[in-house]
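Dear colleague,

Please find below the structure that I am handing over to you. My notes on it follow directly after.

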Amino acid sequence: MRFQAAVLRSYADLFSVEDVALSAEPGPGEILVEIAGSGMCRTDLAVRRSAGRSPLPAVLGHEGSGVVVATGGDPGIALDVGDHVVLSFDSCGHCRSCRAAAPAYCDSFASLNLFGGREEEPPRLHDAAGKALAPRWFGQSSFAAYALVPARNAVRVDPALPLELLGPLGCGFLTGAGAVLNTFAARPGDTLVVLGTGAVGLAAVMAAAAAGLRTVAVDRHPERLDLAERFGATPLPAGPRGLPERIRRLTDGGAQYALDTTASAPLINDALQALRPTGTLGLVARLPTPLTLEPGTLDRGRGIRHICEGDAVPGLLIPRLTGLWQAGRFPFDQLIRTYPLADINEAERDCEAGRVVKPVLLPERREQ
């Protein structure tokens with residue numbers, strides 16, 4: 001089976017849209033999905049800075065959505081040909097974390113998602129010259145017209161939904177919304193400060209509004225703060241000093257929860273200082289350097305923890321988010337700009353420059 005995919009051949013290269021070949025049919029527990037759209041996430045772009053830890057050449061993409069076109073025939077698969085699905089991260093399904101409904105903390109998360117796939121699998125994708133491409137990225141490699149994925153990654157959705165826009169619900173929007181709804185389990189009237197209003201931060205703002213929280217959004221870009229205000233947050237420009245005091249004034253003495261999406265050590269310290277006693281700070285971005293906390297930031301019961309994939313069970317949270325969207329309470333589609341897959345490099349440039357919150361790539365439909 002041949003189709004187009006965006007291939008990253010080296011850490012410094014642009015993506016190249018090429019014909020690739022899929023050399024396997026779906027096996028037990030697998031499905032083949034025709035991709036309708038795939039979101040571009042900062043984690044995809046971070047591969048360029050991974051210092052050789054991600055094998056290349058590879059097809060990236062891990063926010064895919066599409067239609068099931070084949071299954072592996074496993075009677076345990078609760079999906080049929082023709083189902084509309086959102087693809088999320090991979091997990092083993094049998095370790096202690098997976099059994100405890102915490103698949104984002106799967107014992108095999110790194111090997112299944114970040115470093116190329118399941119070790120026992122031979123290469124499935126090859127380029128036009130027959131060279132093997134790295135195994136599935138986040139169980140997907142969805143910067144392509146088709147993706148062969150574990151059925152465990154896939155969540156069935158209502159076919160009336162705009163399928164090509166749903167992919168980011170599998171990671172970026174899932175992470176921001178899940179931090180509010182799952183990790184913090186915040187209640188109406190609670191206060192939240194969100195630092196950084198990209199895709200994850202704005203998803204958190206939307207989820208907070210849907211849950212009845214009072215939210216302050218911090219960013220240095222006025223246009224992003226305008227978006228946060230549109231979605232229900234009080235905008236607060238990130239200034240050189242005095243941020244904790246300004247947050248405390250806007251949250252009646254301090255926020256109960258804070259979510260940092262920036263990985264900025266000064267902002268993390270500011271957020272901790274702006275918390276109420278027993279308040280919690282969640283971190284979703286990978287820290288590039290050691291984090292030094294200022295004296296007193298963890299006093300009075302304040303806590304800090306890393307949040308992976310919004311502590312979500314995708315099969316539970318994704319339907320909740322689509323239901324909120326249908327009710328007009330989680331307008332994630334307003335953050336999306338679509339691009340043909342052929343324009344993936346333009347989408348990356350716009351994403352890196354902050355000209356778009358969430359690019360979604362649309363593969364070209366063509367006959368096999």
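Which residues in α7 meet which residues in α8? L243, P244 and R248 in α7 meet L267, D270 and Q273 in α8, where contact means heavy atoms within 4.5 Å.

Before the details, a word on the source. This is a predicted model, in which local features need pLDDT of at least 70 and side-chain atom pairs count only at pLDDT 80 or more, while totals for chains, interfaces and linings use all residues. Residues are numbered from 1 along each chain as its sequence is written, and side-chain values use heavy atoms, with hydrogens and water left out.

The protein as a whole

The protein has 10 helices and 17 strands; these are DSSP runs numbered from the N terminus, helices being H or I of at least four residues and strands E of at least two. Its radius of gyration is 20 Å, close to the 21 Å that the globule rule gives for 368 residues, so the protein is as compact as a globular protein of that length. That radius is taken over C-alpha atoms, and the globule rule is 2.2 Å times the number of residues to the power 0.38. Along the principal axes, the C-alpha atoms fill a box of roughly 60 × 40 × 35 Å. Of the 368 residues, 55% are buried (buried means under 20% relative accessible area, exposed over 50%, partly exposed in between, with a 1.4 Å probe and protein chains only). Among contacts with a separation of 6 or more, 66% are between residues 24 or more positions apart.

Helices α7 and α8

Helix α7 (residues 243-250) packs with helix α8 (residues 265-273) at an angle of about 40°, the axes being 8 Å apart. Axes are lines fitted to C-alpha atoms, for helices over the stretch in contact, and angles run from 0 to 180 degrees between N-to-C directions. The angle makes α7 oblique to α8 (under 35 degrees counts as roughly parallel, over 145 as roughly antiparallel, 65 to 115 as roughly perpendicular and the rest as oblique). The residues of this contact divide into 3 nonpolar, 1 polar and 2 charged; Ala, Val, Leu, Ile, Met, Phe, Trp, Tyr, Cys and Pro count as nonpolar, Asp, Glu, Lys and Arg as charged, and the others, Gly among them, as polar.

In α8, the buried residues are L267, I268, N269, D270, A271 and L272. They pack against α7 and also against β10 (191-195), β13 (255-260), β14 (275-283) and β15 (303-306).

Helices α4 and α5

Helix α4 (residues 172-183) and helix α5 (residues 199-211) have axes 7 Å apart and pack at an angle of about 40°; they are therefore oblique to each other. On the α4 side, G172, F173, T175, G176, A177, V180 and L181 meet A199, V200, A203, A204, A207, A208 and A211 in α5. The residues of this contact comprise 11 nonpolar, 3 polar and no charged.

Two loop residues

A151 lies in the loop between β8 (146-150) and β9 (154-156) and, at 14% relative accessibility, counts as buried. Leaving aside neighbours within four places in sequence, A151 is in contact with G29, E30, I31, I77 and L79. P122, in the loop between α3 (109-114) and β7 (125-127), counts as exposed at 52% relative accessibility.

With kind regards
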